[in-house]
Amino acid sequence: MTTAPGGTNNFKVVLLGEGCVGKTSLLLRYIEDKFNDKHLTTLQATFLNKRLNIKGKRINLSIWDTAGQEKFHALGPIYYRNSNGAILVYDITDEDSFGKVKNWVKELKKMLGSDIVLIIAGNKVDLEHERTVPLEEAESYANMVGAKHYYTSAKLNQGVEELFLDLTREMLEKYEQNSQTEVNRTSQVLVVDDETPVQSSCCSGTKSN
Amino acid sequence: MMWFKKLFRGKCEKRTEDTAGSSKDEWINKFDYLNIFKEAEDGCSIATEALEVVQTEPREIYALTTIRNFRGDTLDEFVCESEWVLVTPDQFSEPRFQRHLTRTDTLTALCKTVADSNLNKKRAEIIAKSPNCHCHETAGRVRALRGGRSTRGAGAAIRAYALHLAQDKSTTFAQNIDNFIACTLDSKETCPQVMMRNMRQFMSGMKNYLVKHGEREFEKEVEKERLKLKPTEFLNLDAILEGVMHRVVVVPLRARLYARLAAWHARDVRRLHAALERAAHATPLQLGVKETTKVPSSAVLAVISKHFLKMQEADSPLDKLENLLAAISVMFNAIRGERSLGADDLLPVLAWTVARCRLVCAELEAELMAGLLPPALLAGEGGYYLTALFSAVAVLKRLVPEPGADTATPWRRGSSDSGRAGAGAGAAVVRVVLPDECRGNIRHVPVPCRPGARARDLCRALAHAAHITNPQDYALFALHDGHETMLNENDCPQEVMSEKSGQNFTLAYRRIDAKIAWPQQALLSYP
């Protein structure tokens, strides 16, 4: 959540979910629509930046894809550290993947509390007829944990744009709410800074003498 | 999307495909990194870029183009019909140029820009410009930080002046830096993270000091350069000073920092080393690479290895990061097929690549970059791929069970338990005698060693275990019957040992120039 000199807000968004639920496709679909004149196959779909303009504010989303295989689950923390938002993707035709989302929610709540905006995305709605995760269950679960729920289809390009847009709005709101407390905290840090000896004496960024 | 590539030699205007074939091997020998493309021609389908190599003058120059289905009948066709760029071998091997190769769109854009700005194409000799990709802003930030450090342009004078200030011991700037370095070297702090945090804080602080407060003529110098700027240019003071700080703070502390890192992460390094030994035999599938995903060929691995090596050698964390990104780019470039690759593909392949390149120091380097780079940089692309490196290390380390508390410092433990494992060619652990020249004592160190491991592998592990920062001065010696024989780096210590079984025989790792009279007991302590 850094603010670049030009007034751009940088938000970090992490994509979590089991392998094969379509995280990468979702990300590509979102980026593709903005840059549809480019050859998509040349993009590295693991880390992408997307610039947005919301309420006159310039925003840059850094979207981090993660490896979804179970064996990489333990790596979660180093990816979602300092995230402003998380998109938890499951496959509506795969109940296990929804269970995995629940695990992520639990873990994120525990580690990051309410600092992070959570979005749950039921992907592959183009396969509605094969759905195994009940609509009501998914939505009521999302409600319960305070996450927004979206249905998406990376294939048909449904719900993708809306998902990212809403996520960004929420992150911006949260950021603006927190900014006041941030300011207080920062000034406190500066006071402490001045008291530390030797090597940090010249390190208080805003020293005015 | 298949791109064609050809290798050419000779005058730009005249040569045809015929001569290309005969000289290809020569070219490849000359620049072994071209192996990456040799394989492409063999039909191994990594040719996702067009690469034309043309020798236009007595000097070697590469011409890269993005033309598709290039038949190569005439070079005129190539020169006139395609968009292309000429680079020298040095420029070509630069990380930022290598990064172009990962994305054809930026390469195309680059060629286009160059072509547009150079009417006289045949004379064009262009320095590779950085990839200009809309979706990688933070990569731009890496470059921006780097750009300020170039020796040309407006930044150079300011850089030179700041370095001059650091030299002049009467300035507050220089005194602060000297104080900080002296304090850090004196400090008993063993945690490298704390050390790096202090360094980072100090560097940011000194940058602020110069910009906000100034010293001597610094502000005038900035003003002078500012007036020279064109309306479209600006001075990125932050970037210029970041480079200066790396030079005056990171470089003098480099050896200490590595020693701290190596000591702090001794267990991790040992575990990673053992894991790499194991992973060397693992199939890509076992590391989680999907069946549909290719892994880099050995030729590509050689290129990646070079970037990893440069990463280790670089002083500045920014240079390290650039080389890491270049290595990952080359890797991506090699495995990219029709399908887009996500993190599901990246991570296992990176782990596999790290294992194949035997990047024992991966974790230390990652820690160093994470600890010293400006935080803003770590929020973007650089941070992502650095995280990927951390993850790859974590994935690999899990191949070896975490050592229990009782084995927390086995390097320093007595030599009673695992010694027996030393004999025999198939041993998993060999024990090596390590003389400590500072303390004047001898340690026995068990080293994980896969069957057939070379002396150089052992040396690498030992250098880490012993926190040796100048491994090039060290070698492995066989001690037997009062003689010392230096092992060549390709010797297999286990084979040497099995040949000598039955004799008093010990391996020692010592400075090549050290002259040591070994105690009888050290040689007898185990057969």
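## The second largest pocket

In this predicted model, the lining of the second largest pocket draws at least two residues from each of helix 12 (237-264), helix 14 (298-313), helix 17 (362-372), helix 20 (455-465) and strand 7 (474-480) of chain B. Helices (H or I, at least four residues) and strands (E, at least two) are DSSP runs, numbered from the N terminus. A pocket is an open set of points on a 1 Å grid over the protein atoms alone, where a 1.4 Å probe fits and protein lies on both sides within 12 Å along at least five of seven lines, and its lining residues have an atom within 4 Å of a point.

The space in the second largest pocket comes to about 1200 Å³, a volume being the space filled by probe spheres set on the grid points, which are joined across faces, edges and corners. Its lining consists of 39 residues, and those nearest the centre are Q312(B), R460(B), A463(B), P471(B) and Q472(B). Sorted by class, the lining holds 22 nonpolar, 8 polar and 9 charged residues, where Ala, Val, Leu, Ile, Met, Phe, Trp, Tyr, Cys and Pro count as nonpolar, Asp, Glu, Lys and Arg as charged, and the others, Gly among them, as polar.

## How to read the model

Residues are numbered from 1 along each chain as its sequence is written, while chains are lettered from A and ligands numbered from 1 in the order in which they are written. Local features need pLDDT of at least 70 and side-chain atom pairs count only at pLDDT 80 or more, although totals for chains, interfaces and linings use all residues, and side-chain values use heavy atoms, with hydrogens and water left out.

## The two chains

Chain B contains 22 helices and 9 strands, and 56% of its 527 residues are buried, a word that here stands for under 20% relative accessible area, with exposed meaning over 50% and partly exposed in between (1.4 Å probe, protein chains only). Among the contacts in chain B with a separation of 6 or more, 73% join residues 24 or more positions apart, a contact being heavy atoms within 4.5 Å.

Chain A has 5 helices and 6 strands, which follow one another along the sequence in the pattern β-α-β-β-α-β-α-β-α-β-α. Of its 209 residues, 51% count as buried, and residues 24 or more positions apart make up 71% of its contacts with a separation of 6 or more.

## The sheet of chain A

In chain A, 6 strands in the order 2-3-1-4-5-6 form an open sheet with mixed pairing, and two strands are said to pair if DSSP finds at least two bridges between them. Strand 2 (47-54) and strand 6 (148-151) of chain A stand at the edges with a single partner strand each, so one side of each has no neighbour in the sheet. From one strand to the next, the twist averages 25°.

Although strand 2 of chain A is at an edge, 6 of its 8 residues are buried, so the strand is largely enclosed by the rest of the structure. Strand 2 pairs with strand 3 (residues 57-65) of chain A in the antiparallel sense over 8 bridges, and within this pairing L48(A) has I63(A) as its bridge partner in strand 3. The two strands form a hairpin with 2 residues between them, and K55(A) in the turn has a positive phi of about 50°.

Strand 1 and strand 4 of chain A pair in the parallel sense over 4 bridges, and L15(A) stands opposite I87(A) in strand 4. Strand 4 (residues 85-91) also pairs with strand 5 (residues 117-123) of chain A, in the parallel sense over 7 bridges. In strand 5, the bridge partner of G85(A) is V117(A), while that of A86(A) is L118(A).

## Helices on the sheet

Helix 3 (residues 95-112) of chain A packs on the sheet, where it touches strand 1 (9-16), strand 4 and strand 5, and its direction makes about 160° with that of strand 4. Helix 4 (residues 135-144) of chain A also packs on the sheet, touching strand 4, strand 5 and strand 6, with about 150° between its direction and that of strand 6. Axes are lines fitted to C-alpha atoms, for helices over the stretch in contact, and angles run from 0 to 180 degrees between N-to-C directions.

Helix 4 of chain A includes A138(A), which counts as buried because its relative accessibility is 0%. Leaving aside neighbours within four places in sequence, A138(A) is in contact with Y90(A), F98(A), V133(A), H149(A) and Y151(A). A138(A) and Y150(A) lie 12 residues apart in sequence and 9.7 Å apart in space, C-alpha to C-alpha.
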